[in-house]
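These are my notes on the side-chain pairings in the model you sent. Please read them next to the sequence and the coordinates.

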Amino acid sequence: MDQRSPRDGRVIEELGHYDPMIPETDARAQLKGERISYWLSVGAQPSDKAGVLIKKYGENGTHLEQQQAALERLGKRKEYEWTPAPAAPAKPAKKEESAEQPAAEDAPAAEGEGEQAAAETTE
């Protein structure tokens, strides 16, 4: 970002991200090392905090091996945490309702036929 732009203002280019909610400390920062090197070569000056992250996790960072190991541990953790969804239980309430409906439909039809038959015999 340009130093003169507001905190949530326009971004020139995103060079990575930092997620403090990740449990592995070394996996929290994900940086684009080549692009950071480019911007530093044309005169960009990182803030103090960003400078520390670049030193650790940049293109020639001091913590790159630890970061790779932390990312692998996180990948394995996700595999273990995933569990398949349980099978849906059968719903017997629907079957009882469907069994009752045809019986209810048959009853008026039988009554109607009986009335028609009684009407025909009286005529």
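1. Tyr-38 has a relative accessibility of 37%, so this residue counts as partly exposed. Trp-39 is also classed as partly exposed, because its relative accessibility is 25%. The model is a predicted one, and it contains 1 aromatic pair. That pair is formed by Tyr-38 and Trp-39 in an edge-to-face arrangement, with 5.3 Å from centre to centre and 75° between the planes.

2. The salt bridges number 2 in this structure. One of them joins Glu-13 to Arg-35, where the closest N and O atoms are 2.8 Å apart. Distant parts of the chain are linked by this pair: Glu-13 belongs to the segment before β1, whereas Arg-35 sits in helix α1 (residues 33-41), 22 residues apart. Glu-13 is partly exposed at 26% relative accessibility, and Arg-35 is partly exposed at 33%.

3. A salt bridge also connects the side chains of Arg-73 and Glu-24, at 2.9 Å from N to O. Here too the pair links distant parts of the chain, with Arg-73 in helix α3 (residues 64-81) and Glu-24 in the loop between β1 and β2, 49 residues apart. Arg-73 counts as partly exposed, with 43% relative accessibility. Glu-24, in contrast, is buried, its relative accessible area being 18%; the cut-off for buried is under 20%. Setting aside residues up to four places away in sequence, Glu-24 touches Ala-70, Arg-73 and Leu-74.

4. Asp-26 lies in the loop between β1 and β2. The side chain of Asp-26 does make a polar contact of 2.8 Å with that of Tyr-57. Beyond its neighbours within four places in sequence, Asp-26 is in contact with Tyr-57, His-63, Gln-66, Gln-67 and Ala-70.

5. Glu-14 is found in the segment before β1 (16-18). With 56% relative accessibility, Glu-14 counts as exposed. The C-alpha atoms of Glu-14 and Leu-31 are 9.2 Å apart, while the two residues are separated by 17 residues along the chain.

Definitions and conventions: Residues numbered from 1 in each chain as written. Predicted model: local features only at pLDDT ≥ 70, side-chain atom pairs only at ≥ 80, totals over all residues. Heavy atoms only, no water. Phe/Tyr/Trp six-rings, centres within 6.5 Å; stacked < 30°, edge-to-face > 60°. Buried < 20%, exposed > 50% of the residue type's maximum accessible area, 1.4 Å probe, protein only. Helix = DSSP H or I, 4+ residues; strand = E, 2+ residues; numbered from the N terminus. Contact = heavy atoms within 4.5 Å. Polar contact = N/O pair within 3.5 Å; in protein donor to acceptor, adjacent residues only side chain to side chain. Salt bridge = Lys/Arg side-chain N within 4 Å of Asp/Glu carboxyl O.
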